[in-house]
Amino acid sequence: MTNATMAKSSQVPPIADPLLAPPTSMPQSPMVADEAPPIVPASILTASPVTRRLENLDALRIVCMFVIILTHVTEPAIDSLHKSHQLRGALALSILAINVMGRFGVPCFMMISFYIYWHQLYEKGRTWRELLARRFKRLMPAFLVWSAIYFLLHRQLYKVYGNREFYSPLAEFHFSLFNWGTWRALLLGQAEYHLYYLPLVMQCLLCIPLLKLLWRRPAVSWAWIGGTTLVWALMIYGPIIFADHSAGRRIADAITRYTNQPWAIPFLFFPLFGMICAGQRAFRNFLAHSSNTFWVGMLCFGLAMHASETIFLAHRLPDDLLRIAVFTKIGRILTGIAVFSLFVRNPLMRDPLPRVSHYAFGLHFMHPAVIIAITIVEFRLIGSAAAHFQSAIVPVLALNLLLTFSITFTLCLFIGRFKKLEFLVV
């Protein structure tokens with residue numbers, strides 16, 4: 001062996017930097033640990049949904065559906081407490097606080113969708129018309145079929161049970177081909193209230209030309225987000241701030257009449273924020289260079305604020321459950337932004353259950369039917385005990401959450417096995 005060969009064989013091969021290796025699991029460092037920029041391994045901000053699946057967004061979908069189900073599982077008990085004027089006391093208000101703190105799910109779903117739509121429009125070069133055609137082709141059949149299913153289900157339940165305290169139909173459908181009110185309710189997703197999300201997203205897709213004007217310039221986009229937040233705050237706190245029959249109260253009531261509808265404009269700042277995270281360079285740099293401590297702190301503050309706002313309103317507006325629990329309060333906005341930002345800016349993760357996350361959105365359609373079925377069974381077994389918030393309510397709600405989530409996911413996976421039925425889980 002020559003000297004050159006021996007020297008060459010004695011060289012130690014270079015060791016690859018583990019931080020530059022492709023991610024194979026969730027980040028090892030604690031979430032609250034400050035990270036020096038740039039974030040390593042590469043965050044979702046450096047990847048593209050056009051070239052690869054973004055498992056971070058898949059994981060966020062599962063989290064969002066879990067908290068949405070948590071919110072809807074507790075709604076029958078809260079509604080019953082409200083009707084019986086028992087929505088007070090530490091335990092009742094705690095359940096109400098948990099209910100509202102999970103309401104960041106729908107805002108995050110909207111942010112996820114429009115984060116991806118931005119890449120399809122501006123990176124992949126898809127036209128607005130092409131995007132509309134593709135999304136409507138996927139969303140419309142599921143929306144129509146599930147609207148028909150829930151329309152028939154609620155109509156039959158109302159015939160059998162009437163307006164029993166465990167079951168409050170959202171609309172007493174007396175269907176007529178010439179009844180515009182019925183058609184309007186169906187088109188707005190009110191055959192089952194939770195279906196409102198689909199027509200809302202389709203309206204937001206139609207508003208993409210407006211979003212195109214808003215997301216490009218930070219001053220314009222953040223002014224829109226701030227102005228919308230102010231309008232929501234005025235609508236929510238108007239009855240407390242302004243006296244009856246005052247000019248301020250009339251303005252707040254007028255805003256409420258318009259905003260208390262599933263129109264796109266009052267909710268447009270969630271799609272706008274998703275597009276800002278995807279395409280606004282200044283904010284993307286801020287996301288990449290800020291610490292996790294900042295976003296975790298915003299999340300905790302948002303959750304605490306949302307719960308505090310709700311309890312405050314429950315004491316001052318005890319008869320207005322819609323305003324207390326459902327309306328978009330400042331805490332809900334902060335929570336949604338913080339949760340989405342944490343998932344977007346964190347390192348890329350690997351999805352261990354891709355089939356499960358793929359059908360996560362399918363839970364949105366099926367879980368109301370599962371909740372109705374479980375509630376009917378409980379009513380027949382234990383009467384109104386759960387609805388009246390007696391001692392068994394905590395284990396009953398925990399069992400309802402477990403059953404609803406597991407049954408619905410099983411149904412999604414089962415339906416997904418049949419290609420012709422896959423549209424039902426989108």
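Author: We begin with confidence: pLDDT is the predictor's confidence in each residue, on a scale from 0 to 100. This is a predicted model, in which local features need pLDDT of at least 70 and side-chain atom pairs count only at pLDDT 80 or more, whereas totals for chains, interfaces and linings use all residues. Residues are numbered from 1 along each chain as its sequence is written, and side-chain values use heavy atoms, with hydrogens and water left out.

Reader: Which helix has the highest confidence in the chain?

Author: Helices (H or I, at least four residues) and strands (E, at least two) are DSSP runs, numbered from the N terminus, and the chain comes to 18 helices and 0 strands. Confidence is lowest in helix α1 (residues 3-9), at a mean of 49, and it is highest, at 95, in helix α13 (residues 292-316).

Reader: How many residues of α4 are buried?

Author: Helix α4 covers residues 105-123 and reaches 27 Å from its first C-alpha to its last, close to the expected 27 Å, a span defined as 1.5 Å times one less than the number of residues. Buried means under 20% relative accessible area, exposed means over 50%, and partly exposed lies in between (1.4 Å probe, protein chains only). By that rule α4 is mostly covered, the number of buried residues being 17 of its 19.

Reader: How far from C207 is the nearest cysteine sulfur?

Author: C207 is also buried, with a relative accessible area of 16%. C207 is in no disulfide, and the nearest cysteine sulfur, that of C204, is away by 6.1 Å.

Reader: What kind of aromatic pair do W118 and Y122 form?

Author: Rings of Phe, Tyr and Trp (its six-membered ring) pair if their centres lie within 6.5 Å, and planes under 30 degrees apart count as stacked, over 60 as edge-to-face and the rest as tilted; by this rule the count comes to 23 aromatic pairs. W118 and Y122 are 5.4 Å apart centre to centre, with 35 degrees between the planes, and the pair is therefore tilted.

Reader: Where do W118 and Y122 lie relative to each other, and how does W118 pair with W215?

Author: W118 and Y122 are 4 residues apart in helix α4, so they are separated by about one helical turn; W118 counts as buried at 13% relative accessibility, whereas Y122 is partly exposed at 30%. W118 also pairs with W215, at 5.7 Å centre to centre and 85 degrees between the planes. W215 is in helix α8 (residues 208-215), so this pair ties together parts that are 97 residues apart in sequence, and its geometry is edge-to-face.

Reader: Which residues have the most contacts inside the largest nonpolar core?

Author: A nonpolar core is a set of buried Ala, Val, Leu, Ile, Met, Phe, Trp, Tyr and Cys residues joined through side-chain atoms within 4.5 Å. Ring pairs link Y115 into a cluster whose members include W222, F273 and F340, and the contacts of Y115 beyond four places in sequence include I44, L54, C277 and F340. The largest core has 116 residues, and those with the most contacts inside it are L96, Y115 and F340.

Reader: Which residues does E55 touch, leaving out those up to four places away in sequence?

Author: E55 is found in helix α2 (residues 55-83) and is buried, with a relative accessible area of 12%. With those sequence neighbours left out, E55 touches M349, R350 and D351.

Conventions
Contact means heavy atoms within 4.5 Å. A disulfide is a pair of cysteine sulfur atoms within 2.5 Å.
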